[in-house]
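Keep the sequence and the 3D view side by side as you read.

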Amino acid sequence: MNKRLWTLSLLLLALLAFSAVPVLADEGIAVTLTPDSQELTVGDPVQLTLEVTHPAGYQVILPRLDQAWGPFEVRGQSQATTTANDDGTETTRQAIEVTLFELGEFETPELSFGVS
């Protein structure tokens with residue numbers, strides 16, 4: 001299998017509602033980044049769930065983020081887990097807990113990951 005490098009970013013609107021954002025869909029790979037809260041308050045932690053749906057047998061390699069990720073403070077990242085789906089694909093998930101200490105609109109920096 002070819003190893004492909006994917007990047008994604010998400011525009012977060014501080015103090016405004018936001019929901020799941022599909023980031024890309026190519027070659028049977030779909031990525032979403034979903035917050036656990038519909039409102040973001042300055043200083044409160046928000047969990048972003050990264051989901052990569054891919055053909056069975058593929059491996060997703062996710063990076064370890066620095067504590068400072070653009071304007072965000074990364075409080076933690078879970079271990080990635082992969083589960084089988086009923087349609088023969090698999091989904092790799094990781095929770096990323098972040099917080100912001102400013103008001104305004106913010107875009108997550110690129111998040112590069114490999115799929116092989």
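This is a predicted model: local features need pLDDT of at least 70, side-chain atom pairs count only at pLDDT 80 or more; totals for chains, interfaces and linings use all residues.

Residues are numbered from 1 along each chain as its sequence is written, and side-chain values use heavy atoms, with hydrogens and water left out.

Now to strand 4, which covers residues 29–35. Strands here are DSSP runs of E with at least two residues, numbered from the N terminus. Buried means under 20% relative accessible area, exposed means over 50%, and partly exposed is in between (1.4 Å probe, protein chains only). In a regular strand the side chains alternate between the two faces of the sheet.

Strand 4 has a partner in strand 5, and the two pair in the antiparallel sense over six bridges. Pairing requires that DSSP finds at least two bridges between the strands. Within this pair, Leu 33 stands opposite Leu 50 of strand 5. Val 31 and Val 52 are 21 residues apart in sequence, yet their C-alpha atoms are 4.5 Å apart in space. Val 52 also has contacts elsewhere (heavy atoms within 4.5 Å). Leaving aside neighbours within four places in sequence, Val 52 is in contact with Ile 29, Ala 30, Val 31, Val 60, Glu 90, Thr 91, Thr 92 and Phe 113.

That brings us to the nonpolar core, meaning a set of buried Ala, Val, Leu, Ile, Met, Phe, Trp, Tyr and Cys residues joined through side-chain atoms within 4.5 Å. The largest such core has 21 residues, and those touching the most other members are Leu 48, Leu 50, Val 52, Trp 69, Ile 96, Val 98 and Phe 113. Strand 4, strand 5, strand 8, strand 10 and strand 12 (111–115) each supply at least two residues. Strand 5 gives the largest share, four residues.

Next, look at Trp 69. Strand 7 (residues 68–69) pairs antiparallel with strand 8 (residues 72–77) over two bridges. Two residues lie between the strands of this hairpin, and Gly 70 takes a positive phi near 60° there. Trp 69 stands opposite Phe 72 of strand 8. How many aromatic pairs does the structure hold? There is one, and Trp 69 and Phe 72 form it, tilted, at 5.9 Å centre to centre with 45° between the planes. Rings of Phe, Tyr and Trp (its six-membered ring) pair if their centres lie within 6.5 Å; planes under 30 degrees apart count as stacked, over 60 as edge-to-face and the rest as tilted. Trp 69 is buried at a relative accessible area of 7%, and Phe 72 is buried at 2%.

Follow strand 8 onward and you meet strand 10 (residues 89–99), joined to strand 8 in antiparallel fashion by four bridges. Val 74 stands opposite Val 98 of strand 10. Strand 10 also carries Gln 94, which is buried at 6% relative accessibility. Its side chain makes a polar contact of 3.3 Å with that of Gln 77. A polar contact is a pair of N or O atoms within 3.5 Å; within protein, one must be able to donate a hydrogen and the other to accept it, and residues adjacent in sequence count only if both atoms are side-chain atoms. Thr 91, also in strand 10, is buried with a relative accessible area of 3%. The side chain of Thr 91 makes a polar contact of 3.1 Å with that of Thr 53 and one of 2.8 Å with that of Asn 85.

Finally, the charged pairs. A salt bridge is a side-chain nitrogen of Lys or Arg within 4 Å of a carboxyl oxygen of Asp or Glu, and the count comes to two. Arg 93 forms a salt bridge with Glu 51, their closest N and O atoms being 2.7 Å apart. Arg 93 lies in strand 10 and Glu 51 in strand 5 (residues 46–55), so the pair ties together parts that are 42 residues apart in sequence. Glu 73 forms a salt bridge with Arg 75, with the closest N and O atoms 3.2 Å apart.
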